[in-house]
Amino acid sequence: MRANPHPQQDQRLRTLYNYEILDTPREEEFDEIVELAAEICDAPISVINLIDKDRQWFKAEVGLGARETPLETSLCSHAILEELFVEIPDTLKDPRMADNPLCTAGDGLRFYAGALLIASNGLPLGTLCILDTKPRRLTALQRKAISVLSRQVMKQLDLRLSLRSQAVLMSEADHRVKNSLQTLSAMVRLHTRQLEDTTTVNVLNGIQRRVNAMATLHGELQTGQGRDEVDAGKYLDRVLELLQETAPGHVKISYRSDPVTLRSSTASSLGLIISEFAANSIKHAFPDGTPGHIEIDLSLRDGHFHLECKDDGIGAANEGKGRADSIGQTLMAAAASQLNAQVDSQLTPRGQPPLAYLLNAGPAATGHALPA
């Protein structure tokens, strides 16, 4: 006979659906549990099943060869109405299953034992069960083992639910921070257009670059599924895209990066260094509309990151017009210091490269290489 719905069926189903586990692919973690359960109980069949509205669906199974069956023939739909552990020594002697075609067939299911999968609100989602084709009983140790394994199944499900909820919250926080930074950047840009004082405009432009770099970092973190790391190539691509948008038409900015990931703190400091270097080059290296090229290169060598920034503009031999220290260079030095980095800067007479920073941002605890 078909089992009656659970007394709290609506809430039970909402709880089940919240786990987002139904109709997901098979996974080794759960397959290993049913294989172990079957071996411990010396049984041909073991199943992790979840009771849906009109079906029972199997997250993992051994010896059954199916992913779901209708509730009309479900033994576990009866079990979730009972105690934490249900054992039926002979299914044909149980009135709930005596007419079940899965049990009455010649090689039918004659033994059932299942431990409930209980959500944190106390409602049953399904069972971890053992099935056999002959009547029998489990030992006390076997019952205990099945109960322990059922709790491990729920720990896996609860952990995934918790991680997913945390990822959603982090994504929402990053989204709001990014939006706030973009709004701030727009406000700075709007006020800058209304000013004529060069010094004030330069300061506000610097602020806008730093805000844009932070907004870019938060945007990349949003795609990282809760991980505190970003893909260096994607991050630099966006940073350089923003810098190119604000650069004059005669200056080209390009980059190259090894396939590596960066911790958010490392990415933030590198973004600041690159932004300030580019701004400094645009301001000083290409006077009177001189065409020029700014190049950024990030590599991983012997477990350490190396960042090289250079341009092909005027160098040290520029009619006495040296590149004076600026707040941007001070910020670059401070950012490098946060990475425990060594900075090597130089101006060459002929401008090849006129200004270069070699940043040793290791060890690679600040990030790691991506698989090829």
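This is a predicted model: local features need pLDDT of at least 70, side-chain atom pairs count only at pLDDT 80 or more; totals for chains, interfaces and linings use all residues.

1. The largest one has 31 residues, and L262, I274, I294, I296, L298 and L307 make the most contacts inside it. Seven elements each supply at least two of its residues: the helices α7 (232-246), α8 (264-284) and α9 (327-338), and the strands β8 (251-257), β9 (260-263), β10 (292-301) and β11 (304-311). Another core, of 29 residues, lies apart from it and includes I21, I48, L125 and L149. As background, nonpolar side chains tend to be buried together in soluble globular proteins.

2. The protein has 372 residues, of which 46% count as buried, and its secondary structure comprises nine helices and 14 strands. Among contacts with a separation of 6 or more, 66% are between residues 24 or more positions apart. The exposed surface comes to about 19,000 Å², with carbon and sulfur atoms supplying 53% of it.

3. E20 belongs to the loop between α1 and α2 (28-41), and its phi is near 50 degrees, a positive value in a residue other than glycine. Is E20 buried or exposed? With a relative accessible area of 54%, E20 is exposed, because the cut-off for that class is over 50%.

4. Helix α2 also has a buried face. The buried residues here are F30, D31, I33, V34, A37, A38 and C41. Viewed down the axis of α2, they fall within an arc of 160 degrees and so line one face of the helix. E28 and E39 are exposed residues on the face turned away from that buried side. The length of α2 agrees with expectation too: its 14 residues should span 20 Å at 1.5 Å a residue, and the end C-alpha atoms are 20 Å apart. After α2 comes D42, with a positive phi near 50 degrees.

5. Where is R136 found? R136 is in the loop between β6 (124-132) and α5 (140-193). R136 counts as buried because its relative accessibility is 18% and the cut-off is under 20%. Its side chain reaches the backbone oxygen of D42 at 3.3 Å and makes a polar contact of 3.0 Å with the side chain of D132. Setting aside residues up to four places away in sequence, R136 touches C41, D42, A43, E87, P89, F111 and Q142.

6. T69 and Q56 are 13 residues apart in sequence, yet their C-alpha atoms are 5.6 Å apart in space. Their side chains are joined by a polar contact of 2.8 Å. Beyond the neighbours within four places in sequence, T69 is in contact with R55, Q56 and F58. At 17% relative accessibility, T69 counts as buried.

7. Returning to α7, one of the suppliers of the core in point 1: the buried residues of this helix are A232, G233, Y235, L236, V239, L240, L242 and L243. At its start, a side-chain oxygen of D231 comes to within 2.9 Å of the backbone nitrogen of G233. The 15 residues of α7 should span 21 Å at 1.5 Å a residue, in agreement with the 21 Å between its end C-alpha atoms.

8. Finally, do check D288, in the loop between α8 and β10. Its phi is near 55 degrees, a positive value in a residue other than glycine. At 81% relative accessibility, D288 counts as exposed.

Notes
Residues are numbered from 1 along each chain as its sequence is written. Side-chain values use heavy atoms; hydrogens and water are left out. A nonpolar core is a set of buried Ala, Val, Leu, Ile, Met, Phe, Trp, Tyr and Cys residues joined through side-chain atoms within 4.5 Å. Buried means under 20% relative accessible area, exposed over 50%, partly exposed in between (1.4 Å probe, protein chains only). Helices (H or I, at least four residues) and strands (E, at least two) are DSSP runs, numbered from the N terminus. Contact means heavy atoms within 4.5 Å. Accessible areas come from the Shrake-Rupley method with a 1.4 Å probe; for residues, only the protein chains shown count as cover. A polar contact is a pair of N or O atoms within 3.5 Å; within protein, one must be able to donate a hydrogen and the other to accept it, and residues adjacent in sequence count only if both atoms are side-chain atoms. The expected span of a helix is 1.5 Å times one less than its number of residues. The arc is that of the directions from the helix axis to the C-beta atoms.
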